[in-house]
Amino acid sequence: MITEQVAALAGELTDDQLPAYLHDMTDLAAHAGTVRAALPDRVELYYAVKANPAPEILRALAPHVTGYEVASAGELTHVRDTVPELPLAFGGPGKTEAELRLALETGVHRIHVESESELRLLAALAEQVPVRRPPEVLLRVNLPTGSGALDGAALTMGGRPTPFGLDPERLAGCLPLLAGSRLRLRGFHAHLASGLEAPAQLALAERIVTWARTAADRYGLPLDEVNIGGGMNVDYGRPERRFDWAGYGAGLAALADRHPGTVLRIEPGRALTGYCGWYVTEVLDVRHSAGEAFAVLRGGTHHLRTPAAKQHDHPFTVLLRNDWARPWPRPGVHGEPVTLTGQLCTPKDVFARRVPVGRVRAGDRVAFAVAGAYAWNISHHTFLMHPAPAFYFLG
């Protein structure tokens with residue numbers, strides 16, 4: 001459901017001010033507060049900056065999160081400049097020497113190490129870079145998950161061959177490297193999948209923490225922390241249906257009680273900010289081809305890549321406008337399925353295919369929901385050199 005603030009501004013903007021991203025910051029703060037309240041004290045909430053790094057978003061989340069997860073030197077520097085008061089965790093499957101050096105120089109709170117080679121490089125750099133305290137690391141592992149554990153996941157980063165993290169049997173080879181270094185091991189990280197509902201997420205969390213406890217006991221390692229990742233499901237087909245944060249929090253509380261002395265950490269991105277954003281644009285034309293209706297919109301998937309990347313019909317609301325100043329009949333459709341496309345010279349520039357609508361006409365507005373994450377920041381902006389959208393942060 002489109003919020004009142006977004007609907008009001010969407011109606012006030014002129015055609016030339018579109019497309020635009022409209023973010024309801026009041027809604028974002030309320031949602032983030034609800035998420036934080038659902039989690040037990042021993043679960044730390046880090047925001048995955050890759051989902052949406054807008055400074056306004058980062059600052060709005062600051063009262064509700066423990067810290068931020070970054071995955072590049074660019075993100076690290078950007079977040080440090082925007083919200084310098086909160087800790088950072090630095091992850092990513094391919095870190096350069098310059099990035100690791102920067103993480104050490106800036107005192108990043110945690111570094112997620114993904115391989116023996118990366119551990120060797122980080123240990124060597126820690127001998128060269130002056131640091132105020134021993135650099136603290138989590139070893140990221142790619143754990144087997146068992147049959148069916150990742151069924152329904154939108155993306156899988158573990159549980160099968162991937163470039164993310166250590167194979168568990170490689171852990172023993174890391175221990176001498178840690179013992180002879182300035183690095184301090186705090187525990188483990190295992191982000192295995194994205195797009196799972198709360199019961200499946202809890203089952204993965206149980207598997208990850210149990211493995212971490214067993215490995216720590218076997219090798220005599222500390223287990224101060226276990227990062228169980230993010231990937232809480234956002235259902236684009238039913239945007240009104242939200243992830244069960246209350247049930248998830250209750251399950252994590254029980255898990256934390258079974259492992260006293262170990263802090264759990266999660267890193268959601270899309271599930272925190274996705275719902276606060278709307279991509280609003282104008283219908284340029286409505287036409288028929290071989291019996292099918294097409295609404296051609298200003299902008300396109302070079303602004304909002306999510307539907308093309310995920311191959312789904314992006315949820316939207318048609319905002320009807322009654323003014324039509326052209327001297328010719330207004331093209332439109334009423335009560336039939338329509339495919340929403342953009343301005344790009346490719347048949348892949350599609351937001352939604354054959355979706356039933358009550359009415360849509362040239363000059364109407366369309367507001368695409370769930371556009372607050374993995375939207376503008378992952379899109380191919382310069383293709384055809386159309387203007388960039390405007391950005392509004394309301395409330």
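Let me start at one residue, His312, which sits in the loop between helix H11 (306-310) and strand S14 (316-319). Before going further: this is a predicted model.

Is His312 buried or exposed? His312 has a relative accessible area of 17%, and buried means under 20%, so His312 counts as buried. Its side chain makes a polar contact with the side chain of His314, at 3.0 Å. Leaving aside residues up to four places away in sequence, His312 touches Tyr236, Thr306, Pro307 and Phe351.

Now the chain as a whole. The protein chain has 11 helices and 18 strands. What is its radius of gyration, and what would a compact globule have? For 395 residues, a compact globule would come near 21 Å, and the protein chain has 23 Å, which agrees. Along the principal axes, the C-alpha trace spans about 80 × 40 × 35 Å.

The accessible surface of the protein chain is about 16,800 Å², and carbon and sulfur atoms hold 54% of that. Of the 395 residues, 53% count as buried. On contacts: taking those with a separation of 6 or more, 73% are between residues 24 or more positions apart.

Next, the interior. In soluble globular proteins, nonpolar side chains tend to be buried together. The largest nonpolar core here has 99 residues, and the members touching the most other members are Tyr47, Tyr68, Tyr248 and Ile266. Which helix gives the most to this core? That is helix H8, residues 198-219, with 8 residues.

Take Tyr68 as an example from that core. Not counting residues up to four places away in sequence, Tyr68 touches a list of residues that includes Tyr46, Tyr47, Val49, Leu58 and Leu61. Also among them are Val79, Val83, Leu86, Pro87 and Leu88. There is also a second, separate core, of 21 residues, and it includes Leu304, Phe316, Val333 and Val355.

Now the charged side chains. How many salt bridges does the structure hold? The count is 26.

Glu118 has a relative accessible area of 9%, so Glu118 is buried. Lys95 also counts as buried, because its relative accessibility is 10%.

Then there is Arg321, which forms a salt bridge with Asp323; their closest N and O atoms are 3.7 Å apart. Arg321 is buried, with a relative accessible area of 19%. Since the cut-off is under 20%, Arg321 falls on the buried side of it.

The remaining pair is Arg361 and Asp364, with side chains meeting in a salt bridge at 3.1 Å, N to O. Both of these residues are buried.

Finally, the network. Which residues are linked in a network of salt bridges? They are Glu44, Arg110, Arg133, Glu136, Arg184, Arg186, Asp224, Glu225 and Arg265.

That is what I have for today.

Note on methods:
Residues numbered from 1 in each chain as written. Predicted model: local features only at pLDDT ≥ 70, side-chain atom pairs only at ≥ 80, totals over all residues. Heavy atoms only, no water. Helix = DSSP H or I, 4+ residues; strand = E, 2+ residues; numbered from the N terminus. Buried < 20%, exposed > 50% of the residue type's maximum accessible area, 1.4 Å probe, protein only. Polar contact = N/O pair within 3.5 Å; in protein donor to acceptor, adjacent residues only side chain to side chain. Contact = heavy atoms within 4.5 Å. Core = buried A, V, L, I, M, F, W, Y, C linked by side-chain atoms within 4.5 Å. Salt bridge = Lys/Arg side-chain N within 4 Å of Asp/Glu carboxyl O. Rg over C-alpha atoms; globule rule 2.2 N^0.38 Å. Areas by Shrake-Rupley, 256 points an atom, 1.4 Å probe, with all protein chains shown as cover.
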